[in-house]
Structure formats: structure tokens, C-alpha cells
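Hello,

Here is the protein I said I would pass on. Please look through it first, then read my notes below.

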Amino acid sequence: MNGFVLAGGRSSRMGRDKALLAYAGRLLIEHAVTILTKAGLTPHILGSRPDLASYAPVIEDLHPGCGPLGGLEAALMFSETELNVFLPVDLPLLPPAFLRYLLERAVITGSVATVPTLGGRPEPLCAVYRRDLLPGIAHALESGEYKVMRAIKNAAGASHAGMDGFSVEAVMAARDDWTTGRPHRWFQNMNTPADMALIS
């Protein structure tokens, strides 16, 4: 299966390139590629980031400047596998076992989109998407709709398979391989230096 690191953001609130920030002795891009690899996935990097090509193959956006949705489109256009796993570059605490669970769940449900929620909030950039979503995502971008969750819901709604949104908290108690930290730490985005300090 293919795994994709979303690394094309401008990091404007951080003031520095997040992908090249160091955490626990390694760059965030290294953490992300390692998480995908340990989950049994073939890693790729999304965004106009030729400087990151030494870590994994880079796939540039077909529609630059459209945010993460442009990265999703490029990945699904590139991918030859039906199921595709996405991971933001700034989630170094996410256990690989969680991504394996996402894949298992996507296979079982057959949904075109498998999106975890934490505290009732969806995490659409850490999800599994089928290639069937590509036409809907492309249509959203052509229409000027760059909100990821709205575009995914609309694209999934046009499919008979639909979207599977599930609560991380609701399933965590039944898992014995999700033992690294707590879910709110796994999904602690690092958008600012203060966010970075929270996980250090």
C-alpha cells in the first residue's frame, strides 16, 4: 500500500519549515517516513518539496497553492493502489499501529474514506482514501473548494460506499497495540513554537 506524507504547507505560523524541524533527535520528515514504513507502507512525500527527495519520492501538486486538498489529488492521481494512507508531517507521536488499524478498517468497511475523529473533530489529513474519491476531489479544486473535510464529504456522498468516520476514543479501549501515549498527544499538531513545546 502507498503512504503519503503531507509536507507542502507554508509553516507560516511556525515561522520555520516544519518538515525540517527536529524532534527527539530527528527531523519531522524522518519521523513521518519512519511511521509509514513501520506501518508496512511505501512512503511518498506530497508537495513542491524537491529538497525532501532524499527521504522518499516527492509528488508535486497538480494545483499548487490549493492547500492539502491539492496534495490528496496528486497522490490519488499518482497511486496505483486502491487504498492510500495519508499522514501530516507534524504528527511524530502517532503509533504505526494506528495506521495499520485504519487500513484494516478500510478493508472491512469498504468505505471510500476512513476518517478518525478525536473529541468529535475529524482528522481528515490522517486518513485512508480510495482512488474512487479522485473525481470528486478534482471537481472541488476546479470549483475553488479547498476545505478538505467538505470536499471529502461531498466526494464520498457521491459514492455508494460512503464515508466511515469513527471515534478514536471509542475503539481505543479494545486495542492492546495502541499503548504509546494518549490520542490527544498523537494528534497534537505543531503549527506554532508553543505547540512544539507541548510535546517536547
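**Helix H1 against helix H3**

Helices H1 and H3 are oblique to each other. (Under 35 degrees counts as roughly parallel, over 145 as roughly antiparallel, 65 to 115 as roughly perpendicular, and the rest as oblique.) This is a predicted model, where local features need pLDDT of at least 70 and side-chain atom pairs pLDDT 80 or more, while totals for chains, interfaces and linings use all residues. Residues are numbered from 1 along each chain as its sequence is written, and side-chain values use heavy atoms, without hydrogens or water.

The axes of H1 and H3 come within 8 Å and cross at roughly 50°. (Axes are lines fitted to C-alpha atoms, for helices over the stretch in contact; angles run from 0 to 180 degrees between N-to-C directions.) The crossing of H1 and H3 is right-handed. (Right-handed means the near helix is turned clockwise from the far one by less than a right angle; left-handed means anticlockwise.)

Which residues make the contact? H1 gives Ile35, Leu36 and Lys38, and H3 gives Pro96, Leu99 and Arg100. (Contact means heavy atoms within 4.5 Å.) By class, four of these residues are nonpolar, none is polar and two are charged. (Ala, Val, Leu, Ile, Met, Phe, Trp, Tyr, Cys and Pro count as nonpolar, Asp, Glu, Lys and Arg as charged, and the others, Gly among them, as polar.)

Now take proline 96, which is in helix H3. Proline 96 is buried, at 19% relative accessible area. (Buried is under 20%, exposed over 50%, partly exposed in between, with a 1.4 Å probe and protein chains only.) Beyond its neighbours within four places in sequence, proline 96 touches Ile35, Lys38 and Ala39. Proline 96 and threonine 34 are 62 residues apart along the chain, yet their C-alpha atoms are separated by 8.7 Å.

H1 also has a buried side. Leu28, Ile29, His31, Ala32, Val33, Ile35 and Leu36 of H1 are buried. These buried residues pack against strand S1 (2-6), S2, S3, strand S4 (42-46), S6 and H3. Glycine 40 follows H1 and has a positive phi, near 85°.

**The whole chain**

The protein chain has eight helices and 10 strands. (Helices, H or I of at least four residues, and strands, E of at least two, are DSSP runs numbered from the N terminus.) Of its 200 residues, 52% count as buried. Among contacts between residues at least 6 apart in sequence, 67% join residues at least 24 apart.

**The cores**

Nonpolar side chains tend to be buried together in soluble globular proteins. Here the largest nonpolar core has 38 residues. (A core is a set of buried Ala, Val, Leu, Ile, Met, Phe, Trp, Tyr and Cys residues joined through side-chain atoms within 4.5 Å.) Leu94, Phe98, Leu99, Cys126 and Phe187 have the most contacts inside it. Helix H1 (28-38), strand S6 (83-88), helix H3 (96-109) and helix H6 (168-172) each give two or more residues to this core. Another core lies apart from it, with 27 residues, including Ala75, Val112, Leu133 and Ala151.

Leucine 99 deserves a look. Setting aside neighbours within four places in sequence, leucine 99 contacts Ile35, Leu36, Ala39, Leu41, Val85, Leu94 and Cys126.

**Helix H2 and its partners**

The axes of H2 (residues 68-78) and H5 (residues 148-157) come within 9 Å and cross at roughly 40°. So H2 is oblique to H5. Their crossing is right-handed. Pro68, Leu69 and Leu72 of H2 meet Val148, Ala151 and Ile152 of H5. That contact has six nonpolar residues, no polar and no charged ones.

H2 also packs with helix H4 (residues 134-142), at an angle of about 145° and with axes 10 Å apart. This crossing is left-handed. Leu69, Gly70, Leu72, Glu73, Leu76 and Met77 of H2 meet Leu134, Ile137, Ala138, Ala140 and Leu141 of H4. The classes are nine nonpolar, one polar and one charged.

Most residues other than glycine have a negative phi. What about alanine 24? Its phi is positive, near 50°. Alanine 24 lies in the loop between strand S2 (22-23) and strand S3 (26-27). At 63% relative accessibility, alanine 24 is exposed.

Glycine 119 sits in the loop between strand S7 (113-118) and strand S8 (121-122). Glycine 119 is exposed, at 60% relative accessibility. Glycine 119 and proline 183 are 64 residues apart in sequence, but 9.7 Å apart in space, C-alpha to C-alpha.

Best wishes
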